[in-house]
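Please read them with the coordinates open.

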Amino acid sequence: WLLLDRSTRVPIKMFYCATQAAGLSCPVDEVECFVANMIYKGLIRGYISHEKQVVVLAANGAFPRVADRRNPFIS
């Protein structure tokens with residue numbers, strides 16, 4: 001994945017494998033929902049390409065500091 005220079009594109013399957021390694025048993029759809037919620041809450045900068053089943057991360061600052069992220073619950 002990194003050798004192919006696709007560092008901003010992460011397959012959803014990699015997130016799924018990470019949850020399996022952590023001992024969680026949940027379907028791929030639920031893992032995609034977890035990622036969508038992390039994007040919504042500002043923990044990850046990017047978007048999900050549902051058609052291609054990949055998360056496209058921002059080229060710079062894909063994982064902002066928690067102290068710098070916006071509060072999604074305040075308008």
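1. The largest nonpolar core consists of eight residues, namely V10, I12, V35, I39, I44, V55, L57 and A62; a nonpolar core is here a set of buried Ala, Val, Leu, Ile, Met, Phe, Trp, Tyr and Cys residues joined through side-chain atoms within 4.5 Å, and buried means under 20% relative accessible area, with exposed over 50% and partly exposed in between, using a 1.4 Å probe and protein chains only. Two or more residues of this core come from each of α2 and β3 (54–57), where helices (H or I, at least four residues) and strands (E, at least two) are DSSP runs numbered from the N terminus.

2. This is a predicted model, in which local features need pLDDT of at least 70 and side-chain atom pairs count only at pLDDT 80 or more, while totals for chains, interfaces and linings use all residues. Residues are numbered from 1 along each chain as its sequence is written, and side-chain values use heavy atoms, with hydrogens and water left out.

3. Leaving aside residues up to four places away in sequence, V35 touches F15, I48 and V55, contact being defined as heavy atoms within 4.5 Å.

4. How do the axes of helix α1 and helix α2 cross? Helix α1 (residues 12–21) and helix α2 (residues 28–40) have axes that come within 9 Å and cross at roughly 100 degrees, which makes α1 roughly perpendicular to α2. Axes are lines fitted to C-alpha atoms, for helices over the stretch in contact, with angles from 0 to 180 degrees between N-to-C directions; angles of 65 to 115 degrees count as roughly perpendicular, under 35 as roughly parallel, over 145 as roughly antiparallel and the rest as oblique.

5. On the α1 side of this contact are I12, F15, Y16 and T19, which meet V28, V31, E32 and V35 in α2. By class, the contact of α1 with α2 has six nonpolar, one polar and one charged residues, with Ala, Val, Leu, Ile, Met, Phe, Trp, Tyr, Cys and Pro counted as nonpolar, Asp, Glu, Lys and Arg as charged, and the others, Gly among them, as polar.

6. A18 also lies in helix α1 and is partly exposed at 45% relative accessibility. Its C-alpha atom is separated by 9.7 Å from that of V31, 13 residues apart along the chain.

7. Q53, in the loop between β2 (46–49) and β3, deserves a look: its phi is positive, at about 60 degrees, although Q53 is not a glycine. Q53 is partly exposed, with a relative accessible area of 31%.
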